Structure formats: C-alpha cells, structure tokens
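Open the model in your viewer and keep the sequence panel beside it. The tour below goes from one selection to the next.

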Amino acid sequence: MKNSHATENVIETQELTKMFGKDIAVQTLNMQIQPGTIFGFIGPSGCGKTTTVRLLTGFYRPTSGTLSVLGKNPSNFSNSDREKIGYLIQQFVLYPELTVWENLNFAASFYGVNPFRAGRLNKLLDFVELKEDKNKLARDLSGGMKRRLSLAATMVHNPELLFLDEPTAGIDPILRRKFWDYFKELQVEGRTLFVTTQYVGEAAYCDLVGVMYEGRLLMIETPDGLHRRAYGGDVLAIRTTEGMNSEQRHHLESLPFVHGKVKVIDENENDVIVDEANTAIPSLMEWCLAKNLTVEAIEKKSVPFDDVFVKIIEKEAAHV
Amino acid sequence: MFKWLIRISAFLGKELIEIVRQPRLILTLVLGPFLIMFLFGLASPDQSRALRTTFVATDPNAVQEELKLFTESYKAGIIDMGVETNKELALSQLAAHKTDLVIVIPDNPLETIQDNKRAELEIYHNEVDPIQTGYIETIALIYVNVVNRQILETVTEQGQADSDSLQTNLETAITKTQLLRKTIALSDVNTATQAAELEKDLTDVHENLTTFRSLTSTVMVNPFSGETYSLSEVEFTVTEFFAPSVIALILQHLSITFACLSIVREKRSGIMELFRVAPITAFEALMGKYISYLLFEIILAGLITALAVWVLKIPMLGQWQDYALAVVIVLFTSLGVGFFISLISETDTQAVQYSMLLLLASIFFSGFLMDLRLIKEPITILSWSLPATYGIRMLQDIMLRGSSIPVLIFQGVALIGIALFLVDWLLLRKKMDS
C-alpha cells in the first residue's frame, strides 16, 4: 500500500492533555509514531487509553498541548483526511438487523467507497474469515465474529492509519492470536496501527509499546526494552550440572555487568540480571568454566509481560 | 466526486433494509389503519341513539288518555320502558343505568292547563359526559315539542269538528239576513245598508270558517317546515367523513414513530462516535434518512389509500396529484418532527413517550375530534403546529369536496417542514461535532 507519510511521524503529540471538568483524563502526553509501526497502547481499564484514541481521531478536542495525525490537527480534518483513518470502537456498533454483508456494504458507503466494490468486500470477508457467514444477521454472530466484522468494516475504505480500541477485549486467546496475525498482515501492507489493549501479553506483538497509567504515559519502549526497564536489564537463566554455592553466587553478583542479587530458582538454576544478554552470555560461560561449573544452558528468560507491567507500575508508584 | 451521493445512499439502503426485514411490522402498518377504518365504519351508528325511558304517573288510571300521548310520542328518540307509579324506584333504575331517562307526568295536566298554567314534565337523566348531557337535553326538548304539537293538533281537529255545526248556523243566519234585507222599504236606506253590511260580515265569517276547516291540523300547527341543502353533491357516512382524517393522523404518527427511534438508537448504540470520526457529514446522514423513510412511507401511504378507496369505498372527488402532493408534504414535515424528537431524546422510551404525547395532542387539537372552528385562541397555535392539522384539512378538501390543494395550507406545512429539517440538521451537526 502506498504511504504518503513515509518519512514523517504519522502521529505526534506534545504535552497533550485532556481534562473533563477538574478530572485529568490524559496528562502531558508526548509521543511520536513512525509510519508502518504497530504501536501498542497498554494500561489498565480507565487509565486514559480510549480518551487518547478519541483525541487522536478528532472525537475530542485537547484541553492543552498539540497533536498532529497524518500531518494535521485532527480537529481540522477534511473528509479526505478522514478517509485515511480507520477506527475500531470498543463495543459492537454496527446494525444487528443487517447481515454481515449489508453491514460491510453500509460501512463502505458511508466512507464513500466506489459502488463497484463487491470484490473488495469479498476479499475483506475472506481476510477476517467471515465469507461463509456473509448472509448471517449481525445479531446472530458470536462475540468474536462481531469483532472480526467490525475490523473488516474498519478497513473497508483501505485506510493507512488504523486506531483499534481494545480489538481483542473479551475474546478467546486463539482468536486473539489470530487478530494479531491480521494486524501483522496489515502492517506488512504498509499500514500504521495504533492498538489499545488491557492484555499486557499482547505487547510482544508490537513494535513499540506505550505504557499508560492513571492518565500518564510512563514510557514508550520496544517489548525487549520494557523488560529491561522493568528489571534494570535482561534476565538470564543459568542452568549448571553442579549446584552453585553461596560463595560462587556472591562472586557472580560482584561482576560488573551483573545487577542486583542472584535469584535461586532451584539447586541447579539461578537467574541473574545483566546489562545486555548477547554480550553477557559469553562472559558468563567463561565465568562458569573458571568456577568449575558445567553449563547446561544460559539463555535469556522470557518473563511474562504481566510481571513486567506489574514491575513497571510498582516502580512508578514508588517513584511517585 | 460523487462521494457525498454514495454516503447518502449508505443510509438509504440501511434504513430500507432494516424496515423491510420486519414484514410483520409492515403488515401491521398497512392493515392496521385499514382495520381501524373498517371497524370504525361498523361501529358508527346509522341513526341517533334512542333513550330507554320510564314514565312516572302517580295514578296511571287517572291519566290514561294522556299517558298514551306521552308514551307514543317521538318513538324515534324515546323507547318506552313502561309506566312506574313510584318515582324513587324509577330514579334508582336510572341510577343503575337500567334506563336512560325518567319522565314524571304531572297529576292533573289538563286541569292545570285549563287554569291557564303550564303543566311541567320533570325529566331526569344520569349522564356526566357533557356531550351526552347536551344530547339528552336536545332529545328532551324535541320530545316536549312533539308532545305539545300533538296536543295542539288534537285541539285543532276538535275545533274543526265543532265548527261544522257553527257553519250550518251561519248559513241559516245569512239566508235570514237576505230575506230581512228584501223586506226593508226602499226609502229606508240606512236600515238596508246595515242589513247588507251584516250579510257581508256573515258571509266573510263563513268563508274564513270554510278555510279553517279545509286546512289539515298538521299545517295549522306547523305552518313552516325546513329543508337543508349542501353545496356538496355527495352525502357522506360517518366513516367516509372520518377516513381522510384517519389517513392523515396515521401517516403523521407512522412518520414520527419511525423517525423518533432512528437517531436515538444510533446515539445509544455508539455508532455516532464512528460517524464523527468518519467522513460522513450531518447533512448527508440526515438526507439519507429523510429519503429512505420518505420512500418507504410513500409506498405505505399508497397501500393504505388503495385499501381505503377501493375496498372501503371512501370517495375520492379530487385530483390524485393533489392528494399525492398533500401526503408527501405531511410525511416530510412529520419526519422532521420525528427526527427532532429523536435528537432531543436520551432513550427509546423517552422518544416513544414524546411521540405518543404528540398523537394525543393531534387527536384533540388537529380537528380530528373537534372542529377547528370550535378551538379557542391561542390554543389554535398548537393546532397549527401539528402536521396532522394541515393533513386533515388538505385531505378532506381534496377527497370529500373535490377541491384542489389549498395553497396556503400547503405552504404552511411546507414551511414548518423546511424549518424542522434545518433545525434537525443543526442539532445533528452539533451532536456529531461536539
């Protein structure tokens, strides 16, 4: 797909703030998102994710700060600007008395898509695996099918920027995985995706992740970067044939690239936090050899994002 | 270039599909009004209501002759339920709705009249409805008039019969006067003149008496009769008269009900958020909705009219193009009212309540139930702000009088319709922008 904003940021905000009366919904939000990115916007319910999306789509006007989407302030979007945007709302808002096909056709019409569009609609239904169900009434669809129909309706006008507000909320893990496969395909086509989610584990599918908490954007990181920010580095699991004694552990903790205490998992496994896994692994191999420890494996530990998120929030709370 | 047209068509298709997907609703919408008119025709009385009446006479034997007169007069309006001697019992039956009227006959009516006094009939009823009370008072008045007239006719007939012997005596008197005049000496001019004058007077009285006897008692008592003539060539039944009003009222109600639920549902479903982000404008959305509902309701109005005209035989004296124009403008304005309700309502229930209130207001103030000329100022302002008022007036003129569309009425409703479209557009734009 052709991208008219290949070099500049697709989304850019500076000190973006939204208040409802005296309540601050979004506070001094700064971010830049490059074209072709899957940007995950993660945070607990009520933290300001939807408000941010509504600011970015032009649904809300900011209280203060500046924002630019596709090079323009969303409040000044023209119709042709709006045609470049796809917006998936949290709840199912299409018409229950219309069939899958009719709903999609309606969405295509109100985005002004050329009437000779049957081929495109079929392709979309194929993409979200609803082709067999196109004559079903929307009210008879399952929750997952409704989400897929909504996604197809969001893409019906071939937008270059997609705002997907909790697209995977309330659907089973298998379908969630499938959704992220769709998003990857959309990214491959050159689209930019701004995806909000409560499922912290979905951060792994994103190129960049923004962590939102109580209206503030705590950080924007890559999924790996999140791990490091949470734990102060990469977590490595060292498995040795012989058990590590306390003297050896103390020595390990004193190495310059190792941070904090060694965490004992069991007799043969210990976790350490290092600056950078790739450079630390050879050094640790050498250290084990020097300490007469037979290494079974030293590998980067995949800490669940739930834990990473909790750790980040705990750190933030402590900081506040 | 024509993207706005495509966007309008989005709503056109969507609304029509949603309606067509409810065949039972369509059937109800078409057959409902037809059935209402049909049942109304069956229920409408062919003649005015006769009143079940008990007569009270303290001594029925004493007034036997009079009773016959009282009970058999005005059979069209009075149903004789018998004679009761106990007034209280008769009134208790009236209170229990077993009878509609109690007429108490005075004890000695003829003696009272002979004493140069009016004999009073006490007439009791048990109605609270002012319209029914008025009806009963009219029936009572007609009844008393009929009774009085019958008495007068009887007295007149008696007088005519009595005048027979009087006329024979007069003829004898005239003959005698003629003979007397011939015996008077020619020189006695004064006496002869007086005799001639007497003869002439007697002859005049005889002629007047002849005229009196030749007239029927009915003509004597009711010398004038009245006949009414309508400029309309057709005489309508109650159903025929009400049919245009029912059609106008139903079309207004259908439009308002459909439209009032349309936007409020979208506000509640959350799709409005999508509209605000998408390239569609408030004008395009509103236009799409107007066109789709208008198309659907024109078809519906056509079906209802066809059933009314060809099945119920409701007359259509005017031009079809005038009728079509009147229907379309009433539908357009009613849609405006419906969308306005939809835009100011927060829930479906609230919208339906508003539309029911409007229906109620239309029944009372649109000229449906009460003639517009009877409605006092400034309530007429309310009347003329209802599309049904214009609809009833236009359809009655076209269907029943065969007139062309009343231009001023048409312009009035069109003006309201256009104003409502603009207000609805501004309100929707505000909702989509804010």
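Helices here are DSSP runs of H or I, at least four residues in length, numbered from the N terminus. By that count, Ser245(B) falls in helix 9 of chain B, residues 238-269. Select Ser245(B) to begin. Its relative accessible area is 1%, so it is buried. Leaving out residues up to four places away in sequence, Ser245(B) touches Phe368(B), Ile392(B) and Gln396(B).

Before going further, colour by confidence. This is a predicted model. Chain A has an average pLDDT of 88, and 97% of its residues score at least 70. Be careful with residues 1-6 of chain A, where pLDDT stays under 50. The model gives that stretch 15 contacts beyond four places in sequence.

**Chain A and the cores**

Colour chain A by domain: domain 1 covers 11-227 and domain 2 covers 233-303. Their centres, taken over C-alpha atoms, are 42 Å apart.

Next, pick Phe163(A), Phe183(A), Phe194(A) and Phe275(B). In the largest nonpolar core, of 155 residues, these touch the most other members. Helix 11 of chain B (residues 282-311) supplies the largest share, 13 residues. Both domains of chain A give residues to this core, so it lies between them.

Zoom in on Phe194(A). Beyond its neighbours within four places in sequence, its contacts include Ile11(A), Met31(A), Phe39(A), Phe41(A), Leu56(A) and Phe163(A). A separate core of 17 residues lies apart from the 155-residue one. Among its members are Met244(A), Leu252(A), Ala280(A) and Trp287(A).

**Aromatic pairs**

The whole structure holds 32 aromatic pairs over all chains. Go to Phe20(A) and Tyr60(A). Their ring centres are 5.2 Å apart and the planes stand at 70°, so this pair is edge-to-face. Phe20(A) sits in strand 1 of chain A and Tyr60(A) in the loop between helix 1 and strand 4 of chain A, so the pair ties together parts 40 residues apart in sequence. Are the two residues buried or partly exposed? Phe20(A) is partly exposed at 36% relative accessible area, whereas Tyr60(A) is buried at 18%.

Move to Phe106(A) and Phe11(B). This pair is edge-to-face too, with centres 5.4 Å apart and planes at 90°. Phe106(A) lies in helix 3 of chain A and Phe11(B) in helix 1 of chain B, so the pair joins two chains. Phe106(A) is buried at 3% relative accessibility, and Phe11(B) is buried at 0%.

**Last stop: helix 3 of chain A**

Val100(A), Leu104(A), Phe106(A) and Phe110(A) are among them. The buried residues pack against helices 4 and 5 of chain A, and against helices 1 and 10 of chain B. Finish just after the helix, at Gly112(A), which takes a positive phi of about 75°.

Conventions
Residues numbered from 1 in each chain as written. Chains lettered and ligands numbered in written order. Predicted model: local features only at pLDDT ≥ 70, side-chain atom pairs only at ≥ 80, totals over all residues. Heavy atoms only, no water. pLDDT = per-residue confidence, 0-100. Contact = heavy atoms within 4.5 Å. Buried < 20%, exposed > 50% of the residue type's maximum accessible area, 1.4 Å probe, protein only. Core = buried A, V, L, I, M, F, W, Y, C linked by side-chain atoms within 4.5 Å. Domains from an automatic or database assignment. Phe/Tyr/Trp six-rings, centres within 6.5 Å; stacked < 30°, edge-to-face > 60°.
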